[in-house]
Amino acid sequence: MEIKKKRDLTKVTTPHTYVIIFIVVILAWLLTFLVPAGKFSTTEVQYKDANGETATRTVLEDGTFRYDYPLDQEFVYDKLEELKKDPQELKELEVPEAGLDEVIAAGENKLTQETLDEISLTDDTLYKLYGEDIYNKSEKIHKTAKIWGTDDFGGFGFLNFIFEGLVSGDKYGSAVGIVALILVVGGAFGIIMRTGAIDAGIYAFISKTRGMEKLAIPLLFFAFSLGGATFGMAEEVIPFSMVMVPFVIALGYDSIVAVTVTYVASQVGNAASWMSPFSVAVAQGIAGIPVLSGANFRLIMWFVITGLSATYLMIYAEKIRKNPTKSIVYDSDAHFRTSIEKTAEEQKPFLLGHKIILLEMVAVLIWIIWGVTKKGYYIPEIASQFFVMGFVSGVTAVIFKLGMGWNDIAKSFQAGAADLAGTAIVVGMAKGILLVLGGSDANVPSALNTILHSIGTLLTGVPSMIGAWIMYIFQSLFNLVVTSNSGQAALTMPIMAPLADLVHVPRQIAVLAFQLGAGFVDAFTPVSASLIGVLGVARIEWAKWAKFQIKMQGFFFLLGTIFIMIAVAIGLQ
C-alpha cells in the first residue's frame, strides 16, 4: 500500500507581489469592459487637523452618483434658452452672458459638455439644477484604457501602468511623495543597521535578562513590538531569531514562544503602530488624511494590545515551562536543547558608540512625534527627519570606529534604499491600477466610482460601526494573499477611503481597519516570506505553527474588533 506524503505548506511557491498586482491590472482592465463609468458630485467640508486648526477636505456628496451618460443636447439646449431669460440666476451661477450667447448661437448639434464647462455650466452644476434629465440615458459609457499608449501618444494604455502610477501625485502624497519617503527611510535604516547598534542592543538586552525568565518574555515582546511599530520590523527578525530561539528554549520555553516573542511581537507592533512609515503613513497618505495623525489613540492602542498579547503569550509560556512535553514542537526543539549552552553564551559587544546611536534614534523618533503632532510636519519633513537619523548614526559609527568609514555610510544608504526599492515600486504599480480603472477622482467618471457605489449600496443603512467592522474583516482576509503592508495599502485604501465617506465612517478608521487587519494576519499567513523565514530558523512546520497561531489570531481579531468599535464610538479623526 502506497503512503502519500503530506504536502509541506512551508514550501508552497506563492506568486510574487508584482505578479499578483499585474494579474489585478489585467482583471481591472477587463472589468472596465463590463462595468460602466460613473461619478459623484463632491463638496468641501471643514474639519480639525492634527494641530487643532480648521482645514478643508473634498468628500463625496450623498445621493449624487450617476453613470456616465451622453449629454441630452435637446433638453440642455432648451434649458440654456430659459437661463438666458433669467439674469439673476446667471449671475448666481457666474455664467457670462456673452459666452452663453455664443454657445446658443452655435446650435444644438454642437453642444458639448466641454463648451458648457467653459461658461461655468459644469456637469455638477447642471446635475444640481436639473438632475439626470440632462443625460441621454439610452447608453452607459465605458471608460476602458487601450492596451498601450501614453497621454501624449494615443491616450493611456494599461501596459504603461507602472510609469504612470509612479509619477502620479506630488511630494505631499501618493505616489511620488510616498515612494520618495520609502526610499529615504530605507536608506536611513540601511545605515543604522550597518552600524550594528540595533543588533548589539538586542543581544545586550538578552544577556541582561538571564535569571529573570518571567520578566524576560514580556520585556522582549515589548521591545520587538516597538521595533515593528517604529520602523516596520519584519525581515530583520530573522537574524535575531537565530539567537532568540535557543535562548528562549534555554529559559525553559519552546520555539513557538521564541517566534511569538520576536516575529509575532513585531507584527503586533506593526498592527497597532502610531508612526510606521511603511503602513500607517502609506495608508494615510493614500486616504488623503494628515500623515501620522491620530497618533495619541494609536499609542494607547499599541500599549494595550502589546500588553494583552504579551500576557496571552505568558499564559502559554508558563504552561510549557511547567511541562515542556506539552509543546507540539517538543521533538523538533530537541536539536536546540542538545547545543543550548554553546549558543546561549554567544553575544556581541555593546559599545559606547552603539549606545549613543540608539539614544540618537530615540531622540529623532521623539522629534518626529513632536513635529507631526505639534507642527504639522508632513511627508517632506518626515523624510528629512529620517535622513538626519541615518546620517548622524553613520557619523557616530565612524567617530567611534564601529567598523564603518565614510564610504560605508554611502554604500549602506544605497543598500538600504535598494532593499525598499521593490516596496516603492509596489506603491507606484498599485497606483497604476487606479488609472486602469479610470482614476480615483470621485468627480471624474470611472469604473472604480461605479464599484464603490455598488459596495456602498450593499452597505446602505448599515450602522457605521458595522461598516467599519466589515472593512476590518475585508482587510484581514485580503492580507492572506498580499502581505506587503505598503502594497495592501496601495491596493485597498483608494477604495476603502471613499467607501468610508459613503458609510459615514471617518477615513482615519478606514486606515485603522487596514493596519489592524494587515498586521495581525502577517503572523499567520503562509505566503509571508518573513514568517516562513523565522519558522525555518526555528525548525517549525507551518502546519504546527498554524495550530497554535489560529487561536491567537482569534484573540487578535477580538482585540481589533474592540478597538474598531471604540474608534467609531469616539469618532476618531
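The legends below describe close-up views of a predicted model.

**View 1. Helix 8 packed against helix 18.** Helix 8, which covers residues 176–195, and helix 18, which covers residues 379–399, have axes that come within 8 Å and cross at roughly 15°. Because angles under 35 degrees count as roughly parallel, helix 8 is described as roughly parallel to helix 18, and the crossing of these two helices is left-handed. On the side of helix 8, the contact is made by Gly177, Ile178, Leu181, Val184, Val185, Ala188, Phe189, Ile191, Ile192 and Thr195, while helix 18 contributes residues including Ile379, Phe386, Phe387, Met389, Phe391 and Ala397. Sorted by class, the contact of helix 8 with helix 18 has 16 nonpolar and five polar residues, with no charged residues.

**View 2. The ring pair of tryptophan 274 and tryptophan 302.** Across the whole structure, a search finds 23 aromatic pairs. In the pair of tryptophan 274 and tryptophan 302, the ring centres are 5.4 Å apart and the planes stand at 65°, so the pair is edge-to-face. Tryptophan 274 lies in the loop between helix 12 (255–271) and helix 13 (280–287), whereas tryptophan 302 belongs to helix 14 (residues 295–322), so the pair ties together parts that are 28 residues apart in sequence. Tryptophan 274 counts as buried at 7% relative accessibility, and tryptophan 302 counts as buried at 10%.

**View 3. The ring pair of tyrosine 316 and phenylalanine 548.** These two residues form an aromatic pair that is tilted, with 4.9 Å from centre to centre and 50° between the planes. Tyrosine 316 lies in helix 14 and phenylalanine 548 in helix 26 (residues 542–570), so that the pair ties together parts that are 232 residues apart in sequence. Tyrosine 316 is buried, with a relative accessible area of 12%, and phenylalanine 548 is buried as well, with a relative accessible area of 8%.

**View 4. A cluster of aromatic rings.** Phe40, Phe65, Tyr67, Tyr69 and Tyr135 are linked into a cluster by ring pairs.

**View 5. Helix 13 and the glycine just after it.** Helix 13 is mostly covered, with eight of its eight residues buried. The buried residues of this helix are Val280, Ala281, Val282, Ala283, Gln284, Gly285, Ile286 and Ala287. Just after helix 13 comes glycine 288, which takes a positive phi of about 80°.

Note on methods: Residues are numbered from 1 along each chain as its sequence is written. This is a predicted model: local features need pLDDT of at least 70, side-chain atom pairs count only at pLDDT 80 or more; totals for chains, interfaces and linings use all residues. Side-chain values use heavy atoms; hydrogens and water are left out. Axes are lines fitted to C-alpha atoms, for helices over the stretch in contact, and angles run from 0 to 180 degrees between N-to-C directions. Helices (H or I, at least four residues) and strands (E, at least two) are DSSP runs, numbered from the N terminus. Angles under 35 degrees count as roughly parallel, over 145 as roughly antiparallel, 65 to 115 as roughly perpendicular and the rest as oblique. A crossing is left-handed if the near helix is turned anticlockwise from the far one by less than a right angle, and right-handed if clockwise. Contact means heavy atoms within 4.5 Å. Ala, Val, Leu, Ile, Met, Phe, Trp, Tyr, Cys and Pro count as nonpolar, Asp, Glu, Lys and Arg as charged, and the others, Gly among them, as polar. Rings of Phe, Tyr and Trp (its six-membered ring) pair if their centres lie within 6.5 Å; planes under 30 degrees apart count as stacked, over 60 as edge-to-face and the rest as tilted. Buried means under 20% relative accessible area, exposed over 50%, partly exposed in between (1.4 Å probe, protein chains only).
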